[in-house]
Amino acid sequence: MAEDMITNYFYDEAAYNYHDGGYVPLEEPQTEQKPLNIPSLLKPDKETATDMYYTIVAQTGEVQLLPGQKTKTWGYNAPLLGQTVVFKRGKTIHLHLVNHLPEVTTFHWHGLAIPGPIEDGGCHAPVYPGQSRDVSFKINQPAAFVWLHAHPCPSTAEQVWHGLAAGAIVQDEHEASLPLPRNYGVDDLPIILQDRRFHENNQWDYRADYDPDGVAGPTPMINGTINPYFDVTTQKVRLRFLDGANRREWRLHFSDDLPFTQIAGDLSLLPHPVKMNKLLITCAERQEIIVDFGKYKPGDEVILYSDDVPLIHFRIHEFKPDNTVLPNTLYQRPDPEVDPDVPVHHVTLDGMDESVAMNGKKFKMDRIDFKMPLNQVQIWDICNTNPAPGMIHPYHMHGTAFEVISRDGHAPYPNELGLKDTVAINPGEHVKIKLWFDVPGVFMYHCHIIEHEDGGMMAQLQVIDPADPDKKYKLMDHMTLMKAFAEERHVPMDQLWLGGMDSYKKMGMEM
Ligand SMILES: [Cu+2]
């Protein structure tokens, strides 16, 4: 493996260190440490050699997060966040999606290359309260840690804040052949990074905390646990980080500057392991690392921090020596050729606060912004038009896995050489990506500061299947969903409040 340890951060440190007026610093929780919640694995209703069947229920609940009153939360098959779903490559997945919430939601599979807009579960696939939807799709992508979250526009951010986010693991034979920890919950852990502000009686109040540049809270919440510890019983532990926060980026490192090895990004293993001691993760990204606790003895504690705030206390117990060596090559990234006649497509991420837009326009659910043929390989240039210093926009695309080609003409960082679905774009920066779609349909692409996406920094494209070029998709519109929200909340339309609506109204725009 690459023995050189990387100590210069793989990002624009000035951009990371920039904080606007609404920034909420993290604070160390003062409550007693609690065992890290490990979401249980969701049991399939049925599994055959070729098919897997799952029921996923969006539900309300309450959780003892802090001493005193329980916090009212939402989750998938769980009171908060959700059970982890396993998808096996090559199998056809059948999902029965049930909404037991008091309002409309959708079930979006962030990172799955599956047809849109219905299977993908974006804003065009609502499931109303008390109702269900059945979808089926085939999994044909490399092993990865992906996730499920709500995506009803313009209220995605509030529903994720309530807790609608869950991890999902895509398994394949190649990953299974490598010497990597994969004993779930023991040496292979999902780590969902979020932050919340607790109001009176330990409740969350999204509207009170609302900020059009992203809602944040001072208290770190890891897998739905406040101030967690984890008992380490193996020398090596694999952490699958997911930044599930609405707007927060995390600069992760361990006590003693303990080095670790990154093995995967959003949608695949990295071509080569990357040894490092600090890692930046932006909203919706996933980064997988292996930590070697070999130099510690029982009774020691190793702390995972974001900057100077402790996130998880790893309590070291007895473990067997583990001399596993990672292969130097983990993954062969595909390198499809770009048709030289296809022009570079430009995307701009514009504005701040309520003025956010993409290519100068706010998202409109019933407008197609771009069309491209199935399987055609294109280069896109994504630009954050905010001048430095300014916010980083994590740019995300549904339904595809892309490759980062360059940052302002320079080579990408070594830990972003795998397949990705979300990439941090620094202020003023141009990031070139190579992308193609293996599945047809209508797909959204947007900033994953979730309040920016609700506020309109989003667009959608149609992938045309040459075998069925005239296929028409029935697209929903904002007003239909907003009317549903008003009805479900028992308020007249003129009293309906959804965070994203503010950004359209203040710009004097129709939805
Ligand atoms: Cu943004």
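Trainee: What share of the contacts in the chain with a separation of 6 or more comes from residues 24 or more positions apart?
Mentor: Such residues account for 78% of those contacts. Two residues are in contact if their C-beta atoms, placed from the backbone, lie within 7 Å. This is a predicted model, in which local features need pLDDT of at least 70 and side-chain atom pairs count only at pLDDT 80 or more, while totals for chains, interfaces and linings use all residues. Residues are numbered from 1 along each chain as its sequence is written.

Trainee: Why does Val57 count as partly exposed?
Mentor: A residue is buried if 20 or more other C-beta atoms lie within 10 Å of its own, exposed if 12 or fewer, and partly exposed in between. Val57 has 17 C-beta neighbours inside 10 Å, so it counts as partly exposed. Val57 lies in strand 3 (residues 51-63). Beyond its neighbours within four places in sequence, Val57 is in contact with Tyr76, Asn77, Val98 and His100. Over the chain, 49% of the 511 residues count as buried.

Trainee: What makes strand 1 and strand 19 edge strands?
Mentor: The open sheet has six strands in the order 1-14-22-21-16-19, with mixed pairing. Strand 1 (34-35) and strand 19 (279-281) each have a single partner strand, so one side of each is left without a neighbour in the sheet. Two strands pair if DSSP finds at least two bridges between them.

Trainee: How do you know that strand 21 and strand 22 pair?
Mentor: Six bridges join strand 21 (residues 301-306) to strand 22 (residues 309-316), and the definition asks for at least two. The two strands run antiparallel. One of the bridges links Ser306 to Val309 in strand 22.

Conventions. Helices (H or I, at least four residues) and strands (E, at least two) are DSSP runs, numbered from the N terminus.
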